[in-house]
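This briefing goes through a structure topic by topic. Keep the sequence and the coordinates open while you read.

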Amino acid sequence: MAFAKKLKSKDFCYLAEMETPKGVDLSAFVNNADRLKGRVDAVLVPDLSHAVMRLSALAGALMLKDLGLETIVSFSCRDRNRLAMQGDLLAAHVLGLPNVMATEGEALELGDQPGAKAVQDLSPAEFLAAAKGLCDGRDMGGRELQGPPSFVLGAAIGPWTDAASAASRAAEARQAVEMGASFLIAPPVFSLPDFAAFAQELGDSGAMLMGSVLLLKSVGMARYLNENMPGVNVDEDTIRRLRGASDRPAEAVKIAAETVQGLKEYCNGALLVTAGWEDRLPDILELATR
Amino acid sequence: MITATRKPMEEILKSVEPFSKILLLGCNECVTVCHAGGRKEVALLGAALRLGRLQKGLPMEVEELTLERQCDPEYVEELSRTIDQYDAVCSMACGCGVQTIAERYPSMPVMPMVNTAFMGASESHGVWAERCAGCGDCVLGYTGGICPVARCSKRIFNGPCGGSTKGKCEISNDVDCAWQLIWDRLKELGQTELYSKLMEPKDWRTARDGGPRRIVREDMAL
């Protein structure tokens with residue numbers, strides 16, 4: 001698969017995140033996906049992110065594959081026990097979706113069905129071990145598989161708020177690489193110097209480090225992130241720039257593209273997260289790759 | 001009550017390896033009732049620990065004490081004058097007691113000597129069984145006083161499942177099907193209409209799924 005080759009080439013990777021729809025009308029999803037063809041190395045499909053019920057990541061990724069896009073399928077540890085996790089990993093392989101990673105999953109309290117029961121049987125690190133075990137031909141119960149799958153494994157890096165927590169996150173990331181991760185996805189970058197310090201702390205982990213670039217859709221969103229998202233600090237200059245722009249969405253796109261360009265100096269790729277504005281992805285990519 | 005069972009001796013001896021003087025601390029509440037960590041069990045484990053360490057050629061000083069309640073800061077406070085003389089506290093209380101000690105004495109290692117099991121009741125002498133899962137939204141009034149969360153293996157709310165056979169659960173013939181028990185009791189009470197009513201999917205926020213729980217009674221604040 002092209003993404004696996006790209007990881008080995010060490011060339012800068014362009015990834016985009018695409019949420020599946022809440023429902024079965026795929027028209028917007030397909031339109032946005034069509035516009036990404038040939039522009040990204042892979043599309044990351046989150047798994048019920050923010051604990052909001054929507055079309056499953058596996059189904060979304062299969063749709064994208066049929067449209068000619070390579071995908072990274074995310075698995076939420078919140079919603080599956082080890083049986084379901086391993087079963088869906090096997091499913092990912094047979095569906096031709098080998099690029100997989102896990103997230104802990106946001107708290108159900110933050111989602112749209114807060115009364116649901118969380119599973120959290122495996123952690124993302126245990127997910128990596130399970131996936132690697134499957135590739136080696138055995139399930140978590142130690143039983144031999146009738147044909148082992150193969151995966152390109154990734155891991156998400158949690159947010160950091162200071163040098164000490166950045167060191168812990170870097171240690172976790174190195175552990176993920178030891179467990180088989182060949183790409184690492186860092187949280188949204190709003191300060192390049194802070195990200196550069198993290199990349200330095202991480203050093204050459206042996207995996208491709210990707211910085212996330214979250215599109216700042218509004219001043220309100222920037223303020224909200226500053227107040228509620230650990231490790232996020234959108235500086236006042238950026239907020240002023242967004243507020244003063246005559247075309248704020250266009251300015252947001254420019255800011256995101258500049259961050260992608262800035263990341264090229266410090267890591268191996270960028271994951272574009274547009275949080276509902278997937279129609280803006282081509283514009284960001286256009287500016288970022290100029 | 002909260003039930004517990006003592007950890008295996010091998011595990012206990014390994015956990016106290018680094019220490020030469022410990023306080024073996026019992027609790028006079030639930031673990032006394034279920035014979036896991038009261039005064040009597042403290043004395044038994046104390047003797048076993050001294051002997052075990054002697055056999056290894058590494059004698060260990062073991063002082064024994066049983067507090068009225070280890071999960072209550074008021075009783076835990078009484079250790080403040082003497083705790084510094086020990087290398088570690090080996091607690092025979094449930095996990096609540098262990099953590100209360102750890103919180104009050106942050107620089108003192110606290111080792112658990114028992115495995116906390118469940119909230120249960122005594123079925124017969126020497127037998128305790130799970131009765132409550134602390135889900136935070138009690139349905140016993142609708143289920144004939146038998147809890148589907150604690151006593152049904154699948155924790156289902158509209159049972160029984162297809163694995164119920166002759167009143168027993170599919171996981172073992174030794175386990176009663178909670179929904180058979182519920183049905184039998186509702187019949188006894190003349191309340192079978194409650195069984196016919198489909199129960200809504202449970203809101204698990206009141207259980208552990210909503211994160212660690214606290215009860216705040218402002219009317220009791222000092």
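Is A:Q120 buried, partly exposed or exposed? With 14 C-beta neighbours inside 10 Å, A:Q120 counts as partly exposed. The scale runs as follows: a residue is buried if 20 or more other C-beta atoms lie within 10 Å of its own, exposed if 12 or fewer, and partly exposed in between, with C-beta atoms placed from the backbone.

This is a predicted model: local features need pLDDT of at least 70, side-chain atom pairs count only at pLDDT 80 or more, and totals for chains, interfaces and linings use all residues. Residues are numbered from 1 along each chain as its sequence is written, while chains are lettered from A and ligands numbered from 1 in the order in which they are written.

- Most residues other than glycine have a negative phi, and most peptide bonds are trans.
- A:Q120 has a positive phi near 45° and is not a glycine.
- A:Q120 sits in the loop between strand 4 and helix 5 of chain A; helices (H or I, at least four residues) and strands (E, at least two) are DSSP runs, numbered from the N terminus.
- B:K166 is also not a glycine, and its phi is positive at about 50°.
- B:K166 belongs to the loop between helix 6 and strand 8 of chain B, and it is exposed, with 7 C-beta neighbours inside 10 Å.
- B:P160 lies in the loop between helix 6 (148–151) and strand 8 (168–169) of chain B.
- The peptide bond joining B:G159 and B:P160 is cis, with omega about 0°.

**Helix 5 of chain A**

- Helix 5 of chain A has twelve residues (124–135). They should span 16 Å at 1.5 Å a residue, and the end C-alpha atoms are 17 Å apart, which agrees. The expected span is 1.5 Å times one less than the number of residues.
- Its buried residues are A:P124, A:F127, A:L128, A:A131 and A:L134.
- Seen down the axis of helix 5 of chain A, these buried residues fall within an arc of 125°, so they line one face. The arc is that of the directions from the helix axis to the C-beta atoms.
- The cover over these buried residues includes helix 4 (82–94), helix 6 (163–178) and strand 3 (71–76) of chain A. Strand 4 (99–103), strand 5 (152–156) and strand 6 (181–188) of chain A are also part of it.
- Just after helix 5 of chain A, A:G137 takes a positive phi of about 100°.

**Helix 3 of chain B**

- The 17 residues of helix 3 (39–55) of chain B reach 24 Å from first C-alpha to last, close to the 24 Å expected at 1.5 Å a residue.
- B:E41, B:V42, B:L45, B:L49 and B:R53 are its buried residues.
- They cover an arc of only 95° around the axis, which puts them on the same side of helix 3 of chain B.
- On the other side, the exposed residues are B:K40, B:L44, B:A47, B:L51, B:L54 and B:Q55.
- The buried residues of helix 3 of chain B pack against strand 1 (2–6), strand 2 (21–27) and strand 3 (61–67) of chain B.
- B:G57 follows helix 3 of chain B, with a positive phi near 75°.

**Nonpolar cores**

- A nonpolar core is a set of buried Ala, Val, Leu, Ile, Met, Phe, Trp, Tyr and Cys residues joined through C-beta atoms within 7 Å.
- The largest core has 84 residues. A:L15, A:V43, A:V73, A:L184, A:M210, A:A256 and A:L272 touch the most other members.
- Helix 10 (residues 248–263) of chain A gives the largest share of this core, seven residues.
- A second, separate core has 32 residues, among them B:L49, B:L79, B:A93 and B:V110.

**Single residues in chain A**

- A:K6 lies in helix 1 (residues 2–9) of chain A and is buried, with 20 other C-beta atoms within 10 Å.
- Leaving aside neighbours within four places in sequence, A:K6 is in contact with A:D11, A:C13 and A:D41. Contact means C-beta atoms, placed from the backbone, that lie within 7 Å.
- A:D25 is exposed, with 10 other C-beta atoms within 10 Å. Its place is the loop between strand 1 (13–17) and helix 2 (27–34) of chain A.

**Chains and domains**

- Eight residues of chain A are in contact with six residues of chain B.
- The domain assignment of chain B gives domain 1 (2–118) and domain 2 (133–210); such bounds come from an automatic or database domain assignment.
- The C-alpha centres of domain 1 and domain 2 of chain B lie 37 Å apart.

Key:
Two residues are in contact if their C-beta atoms, placed from the backbone, lie within 7 Å.
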